[in-house]
Amino acid sequence: MNYRHAFHAGNHADVLKHAVLCRLLSLMARKDKPFAYLDSHAGVGLYDLTGVQAGKTGEWLQGIARLWVRNDLPALLADYRALVGELNPDGALRYYPGSPEIARRLTRAQDRVLLNEKHPEDGQLLKANMAGDRRVTVHLGEGWHVAKALLPVAEKRALLLIDPPFEQADELARCVESLSTAMARMRQAVVAIWYPIKDTRQLKRFYQDLAKSGAPKLLRVELWVHPTDNPAGLNGSGLVIANPPWPLEDELRELLPWLAAQLAQSTGGWRLDWLIEEKAAG
Ligand SMILES: C[S@@+](CC[C@H](N)C(=O)[O-])C[C@H]1O[C@@H](n2cnc3c(N)ncnc32)[C@H](O)[C@@H]1O
């Protein structure tokens with residue numbers, strides 16, 4: 001396990017993932033009923049952008065830093081911007097939240113936050129960063145077991161984020177497997193899978209497999225900062241979301257053009273469509 005998210009924290013892919021995660025959590029919190037947030041590949045939860053690792057790549061400068069300096073952010077980014085602002089009260093951008101910190105802050109007293117991280121050092125950092133919040137549980141286990149081990153949840157409402165490092169060739173297939181397991185165990189769960197846009201041929205197969213995953217409906221959200229056939233590096237990223245809460249699709253249709261324009265490094269773009277459409281009743 002070589003991947004450390006600290007090198008990439010706050011980059012364009014984190015901005016997309018975390019902006020969408022904020023909307024998912026906010027929409028789920030519209031109903032009083034409790035829900036459980038599950039994160040199979042959680043990372044450390046909080047990142048220092050002035051640290052050695054983030055400094056080596058400087059990826060955040062083309063990500064969160066571009067949004068931080070603006071005072072005209074769309075209202076749909078208000079939760080995300082406020083959260084980053086709370087971590088940096090003196091106005092200088094230094095700390096950036098990972099998905100666990102975002103979930104901890106956007107869930108309520110009645111909700112639970114179940115985090116899993118396999119890397120032993122990052123797992124300990126995650127525990128330290130989440131210490132003191134009794135709604136949060138940290139597991140140091142295998143992320144690919146989370147759907148089977150933790151679903152269904154007693155609350156009957158769940159949001160599962162699957163965000164692996166994509167160091168191994170089989171990780172797209174394992175994402176599909178986890179989604180199928182989650183859907184078989186808890187059909188109404190909201191499941192979001194993050195993926196890199198690098199090799200579009202591999203993604204074609206991924207989309208085909210996702211369409212057979214058994215999800216009742218599956219939304220695809222993508223944003224790229226370079227043309228998607230650019231041979232070098234991470235051109236963009238995407239999320240597929242099973243059972244997205246209403247009106248996420250409408251919100252993202254409003255948000256994605258703005259985000260793509262702000263984050264583009266050469267020719268950027270976005271797409272939003274359904275890989276599985278809900279069957280009409282009757
Ligand atoms: C992309 S990062 C997660 C970032 C985090 N979700 C966020 O948005 O802030 C992927 C994480 O998965 C961890 N990881 C790698 N393989 C794993 C596995 N098999 N099970 C659980 N965690 C794993 C890595 O150590 C890394 O921290």
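UniProt, in an unreviewed entry, places the feature "active site" at D163; feature names are shortened, UniProt positions follow the numbering used here, and annotations may be inferred rather than shown by experiment. The model is predicted, with local features needing pLDDT of at least 70 and side-chain atom pairs counting only at pLDDT 80 or more, while totals for chains, interfaces and linings use all residues. Residues are numbered from 1 along each chain as its sequence is written, and side-chain values use heavy atoms, leaving out hydrogens and water.

**Where D163 sits**

- Look for D163 in the loop between β6 (158-162) and α8 (171-185); helices (H or I, at least four residues) and strands (E, at least two) are DSSP runs, numbered from the N terminus.
- D163 counts as buried because its relative accessibility is 12% (buried is under 20% relative accessible area, exposed over 50%, partly exposed in between, with a 1.4 Å probe and protein chains only).

**Who D163 touches**

- Apart from neighbours within four places in sequence, D163 is in contact with K17, S40, H41 and W194 (heavy atoms within 4.5 Å).
- The side chains of D163 and K17 make a polar contact at 2.6 Å (a pair of N or O atoms within 3.5 Å; within protein, one must be able to donate a hydrogen and the other to accept it, and residues adjacent in sequence count only if both atoms are side-chain atoms).

**Around the ligand**

- There are 23 residues around the ligand, and H18, S99, E117, G143 and D163 come nearest (a heavy atom within 4 Å counts as near).
- A polar side-chain atom of E117 lies 2.6 Å from a ligand oxygen atom.
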